[in-house]
Amino acid sequence: MFIPPSAWFTGFIPDLPTPFDAADAIDLKAFAALCERQVAAGVPALVVCETAGEAPTLSPAEQELIIRTAVAVARGRVRVIAGAVTNATSHAIELARRAEAAGADAVMSVVPAYNKPMQEGMLAHFRAIAGSTELPVILHDAPSRTLRPLADETLLRLVESRQFVGLRDGSCDVTRPMRMSRHLPAGFRFLSGDDTTAFGFIASGGDGAISEITNIAPDLCRTIFSQVRQGRLQSARYLHKRLIPLIACLAKESPAALKHALSVLGLMSPATRLPIVPLGADAQREVVRAFAAIADEELIDSVGA
């Protein structure tokens, strides 16, 4: 049964890392366990082969394998969003087609990095990707990585096609949902791409966040979202503040810090692929200290969640 993206592209959605083993191969067993843990926590969707997944280091065949594994674990219980992360339009088209063949429910396509395309180039890039697949397309604006933001005017031109169903907004501009929502089609979803500002983004009318911290604390993130939607902003702010030290660690050395944090929890190896390297000793200790801020088992109960 088809479920429109407006029903599931909302709330806190994990940007899943890609586990590697000692031989630098994908650890599918660990990856499947990460997926199942998130499904059990009630997330609405999984994002794979994107920023936290070290997508630029994955071959197209590896990405397809990851997507198929996520789809097999999800079994329709949650949606699978597959990244098409590349600055070459032809390659992005190949990744989108592979994602569709592997069973993904949507593709996520980022503003091309390094090329620094003009707005007309972005428009043509995204339209070409959408034209290559029947899947819904979620846009990803990440100015800190691409140096060229997706302009509001370009977004408005793109959403003339209903195939563009949402935006992962990494601009840290918490006013964007409020500013843009009345100009966009009903059902278009705005999700933050930045954990640090996610609370403000959602409180300003955003529909959720594509999140690294959700990999670690999915239940807590779900509670924050619920509190905001219920208008309990003080409780939500209190919970979000408890996450800030760990969020800061993750943002400083992503995704190595995320992988180390998950390894502390016994969920995966901290191994990364070059040019990302594992955390040094000082950064490892900082991550461990940051866990203390969310270690209170009664934290959620204390705010009446």
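Visitor: How many disulfides does the structure hold?

Guide: This is a predicted model, and it holds zero disulfides.

Visitor: Why is C221 called buried?

Guide: The word applies under 20% relative accessible area. C221 has a relative accessibility of 0%, so the residue counts as buried. C249 has 6%, and therefore counts as buried too.

Visitor: Why does I210 count as buried?

Guide: The relative accessibility of I210 is 1%, which is why the residue counts as buried. I210 belongs to strand β8, residues 208-211. Leaving aside neighbours within four places in sequence, I210 is in contact with F9, I13, D15, V47, M108, R168, L191, S192 and G193. UniProt, in an unreviewed entry, places the feature "binding site" at I210; such annotations may be inferred rather than shown by experiment.

Visitor: How do you know that the buried residues of α13 are on the same side of that helix?

Guide: The buried residues of helix α13, which spans residues 281-291, are V287, A290 and F291. They cover an arc of only 110° around the axis, and therefore lie on the same side of α13. These buried residues pack against α11 (233-252) and α12 (256-264). The face turned away from the buried side carries the exposed residues D282 and R289; "exposed" requires over 50% relative accessible area.

Visitor: What makes a set of residues a nonpolar core?

Guide: The members are buried residues of listed kinds, such as Leu and Val, joined through side-chain atoms within 4.5 Å. In soluble globular proteins, nonpolar side chains tend to be buried together. The largest nonpolar core here has 80 residues, of which V48, L150, L155, I216 and L243 touch the most other members. Helix α11 gives the largest share of this core, seven residues. A second, separate core of 12 residues includes A45, V47, I81 and L191.

Visitor: Which residues is L155 in contact with, leaving aside its neighbours within four places in sequence?

Guide: They are L139, L150, L167, M180, L184, F188 and F190.

Notes:
Residues numbered from 1 in each chain as written. Predicted model: local features only at pLDDT ≥ 70, side-chain atom pairs only at ≥ 80, totals over all residues. Heavy atoms only, no water. Helix = DSSP H or I, 4+ residues; strand = E, 2+ residues; numbered from the N terminus. Buried < 20%, exposed > 50% of the residue type's maximum accessible area, 1.4 Å probe, protein only. Contact = heavy atoms within 4.5 Å. Arc of directions from axis to C-beta. Disulfide = S-S within 2.5 Å.
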